[in-house]
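Please keep the sequence and the 3D view open as you read.

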Amino acid sequence: MPERLLPTSSLLLIGCWILNSYLLSWGVFRCVSAEVGSTQNISDLLDSLLDGYDYHLRPGVGGPATQVLIDIEVRSMGPVSEVDMSYSMDCYFRQSWVDRRLAYTSKMPTLALSISMLERIWRPDTYFYNGKNSYLHTITTPNKFVRLYRDGRVLYSSRLTIRASCPMRLENFPMDVQRCPLQIGSFGYSDRDIQYKWNPARSVVIASDMKLSMFDVTDTPTGNLTEEQRKGPFSVLMVSFHLKRHMGYFIIEVYAPCTMLVVLSWVAFWINREATADRVALGVTTVLTMTFLALECRNNLPKVSYCTALDYYVAISFGFIFATIIQFAIVHHYTKVGSGEYYFPPTPPEYSGNDEERAKHQKPDVTFSSSETNKITIFCTEDASQAMEEAGATSSVAIQSQHSDTPASENAAESPQANLTQNGRLALRQINASMFERRKSYLHRRGSMPHFQLNSVSKVDQVSRVLFPVIFMFINVIYWCTYLGGES
């Protein structure tokens with residue numbers, strides 16, 4: 001039986017598949033060949049550009065100065081240190097110049113070169129005049145690249161962390177605006193060889209998401225200047241970062257506590273003027289607290305020879321607290337001496353009263369021995385002895401004769417209080433009661449004179465309750481208007 005022939009349609013499908021496979025293989029081969037050829041052409045191009053190239057010589061040597069365009073993109077900034085008077089920032093630092101020796105005629109508009117290529121071409125020796133410990137980021141590889149254009153323009157970009165000095169004026173601290181400069185120039189080439197200019201398209205750009213904890217960047221003015229050095233004039237670029245300080249931290253940490261301590265010291269004006277220990281303790285406590293707060297707020301500042309705005313406020317608060325102690329000293333002086341306020345009269349007044357009142361102060365109706373009389377006298381004050389003499393207590397007491405030689409009488413001098421009998425203690429209580437009534441009567445009669453009253457309110461305290469707050473508020477208005485309204 002003859003073999004069965006394939007249909008014509010199947011033969012056509014097989015032929016098309018074979019043709020497509022051939023064309024696809026040919027296309028892949030052509031692409032790979034083109035890519036290999038392109039890579040080979042670029043390598044040959046770079047080799048031809050560097051053939052006879054001397055990277056020690058600047059472009060156009062012997063002719064006009066080479067112009068180097070600079071632009072900076074600041075990604076983050078900080079910390080800003082008042083103690084070191086310096087600031088740091090993380091930025092992309094870009095330099096661009098034209099080197100006609102590197103111009104090419106290839107169809108590719110730009111060539112991204114390896115950083116190893118950077119070592120084989122000339123580049124400007126740019127550095128920061130006021131830099132302090134700046135460095136290039138090297139993780140995971142050195143963060144820099146080189147791009148070459150057809151006309152020979154070279155773009156060199158690198159990521160740097162720049163730390164630069166910032167001479168600060170702290171007279172208005174913490175309401176100050178610091179102007180931190182950054183000066184850029186050549187280390188060895190004068191302005192006859194290299195001239196630096198800001199990129200007209202973008203000079204200094206601040207990232208939109210950048211935030212600082214203690215400052216706001218309000219402005220970044222740029223400029224060109226020429227600096228005279230030993231080797232001649234040098235072209236220098238300068239940008240100034242205007243940093244406005246935040247006030248919130250210092251209001252919470254210094255201004256609010258100082259104000260509260262001043263208000264707390266005014267509580268002494270409502271404390272009884274006879275409460276000497278209470279008022280002195282309050283004054284001393286607030287003074288010591290204010291002293292500690294004043295020393296603490298100076299720890300984070302450099303040892304400058306002038307006073308800052310914060311120092312002035314602390315000094316004002318300390319002065320008001322110290323004035324409250326002086327005020328109490330004045331009140332205390334005129335209360336105890338000038339006004340003649342005494343808790344006990346210096347001499348007992350002449351007794352005047354009716355017969356019933358006089359009978360209350362007669363001699364105590366008790367009897368005690370001669371040894372007990374001596375014991376009572378030991379515990380009586382001068383006023384009590386005088387009261388006993390005037391009341392006739394000593395002359396009218398009936399002394400019981402006791403001539404016994406007991407050991408108790410011999411030890412009376414050693415322990416007089418322990419050997420007092422019940423009659424002796426009763427006599428002492430009656431004498432003290434008599435003295436209290438006489439003192440009470442004396443103070444009651446002198447109570448008609450206002451400056452002899454106990455627990456009276458001093459006129460100095462009354463005036464201070466109003467005068468101190470008014471003066472403090474007035475000084476605060478002047479203080480804040482001066483430092484917030486004036487130019488920083």
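Does Val98 count as buried, partly exposed or exposed? Val98 counts as partly exposed, because its relative accessibility is 22% (buried means under 20% relative accessible area, exposed over 50%, and partly exposed in between, with a 1.4 Å probe and protein chains only).

## Before you start

This is a predicted model, in which local features need pLDDT of at least 70 and side-chain atom pairs count only at pLDDT 80 or more, while totals for chains, interfaces and linings use all residues. Residues are numbered from 1 along each chain as its sequence is written, and side-chain values use heavy atoms, with hydrogens and water left out.

## Around Val98

Val98 belongs to strand 2, which covers residues 86-98 (helices, H or I of at least four residues, and strands, E of at least two, are DSSP runs numbered from the N terminus). Leaving aside residues up to four places away in sequence, Val98 touches Pro59, Asp151, Gly152 and Arg153; a contact means heavy atoms within 4.5 Å. From C-alpha to C-alpha, Val98 and Val154 are 6.1 Å apart in space, although 56 residues separate them in sequence.

## Salt bridges

The model has 16 salt bridges, each defined as a side-chain nitrogen of Lys or Arg within 4 Å of a carboxyl oxygen of Asp or Glu. Take Asp193 and Arg58, whose side chains meet in a salt bridge at 3.5 Å, N to O. Asp193 sits in the loop between strand 8 (177-186) and strand 9 (194-198), and Arg58 in the loop between helix 1 (8-50) and strand 1 (66-81), so this pair ties together parts that are 135 residues apart in sequence. Asp193 counts as partly exposed, at 25% relative accessibility, whereas Arg58 is buried, with a relative accessible area of 5%.

Arg159 is in strand 7 (residues 153-165) and Asp90 in strand 2, so the pair links distant parts of the chain, 69 residues apart. Arg159 is partly exposed at 28% relative accessibility, while Asp90 is buried at 10%. There is also a network of salt bridges that links Asp71, Glu73, Arg75, Arg94 and Arg202. Within this group, Glu73 and Arg75 have their closest N and O atoms 3.4 Å apart. Glu73 counts as buried, at 16% relative accessibility, and Arg75 as partly exposed, at 33%.

## Strand 13 and its partners

How many of the 14 residues of strand 13 are buried? Eleven are, and the strand, residues 232-245, is mostly covered. Strand 13 pairs with strand 8 in the antiparallel sense over nine bridges (two strands pair if DSSP finds at least two bridges between them). To find this pairing on screen, look for Gly185, whose bridge partner in strand 13 is Val236.

Strand 11 (residues 215-219) also pairs with strand 13 in the antiparallel sense, over four bridges. Here Phe215 has Arg245 as its bridge partner in strand 13.

## A loop tyrosine

Tyr129 lies in the loop between strand 4 (126-128) and strand 5 (135-136). Tyr129 is buried, with a relative accessible area of 18%. Its C-alpha atom is 8.6 Å from that of Ala164, which is 35 residues away along the chain.

## Helices and a nonpolar patch

An unreviewed UniProt entry places the feature "transmembrane region" at residues 12-32, 247-268, 280-297, 309-330 and 466-486; such annotations may be inferred rather than shown by experiment, feature names are shortened, and positions are given in the numbering used here. In the model, residues 247-268 are 82% helix and 0% strand, with the end C-alpha atoms 31 Å apart. Residues 280-297 are 100% helix and 0% strand, and there the end C-alpha atoms are 26 Å apart.On the surface, Phe322, Ile326, Ile330, Tyr334 and Val460 form a nonpolar patch with about 450 Å² of accessible area together. Patches are made of residues with over 30% relative accessible area and no salt bridge, joining like charges within 9 Å and nonpolar side chains (Val, Leu, Ile, Met, Phe, Trp, Tyr) within 5 Å. The areas come from the Shrake-Rupley method with a 1.4 Å probe, and for residues only the protein chains shown count as cover. Helix 5 (residues 309-338) gives the largest share of the patch, four residues. Val460 lies in helix 12 (residues 459-485) and counts as partly exposed, at 34% relative accessibility.
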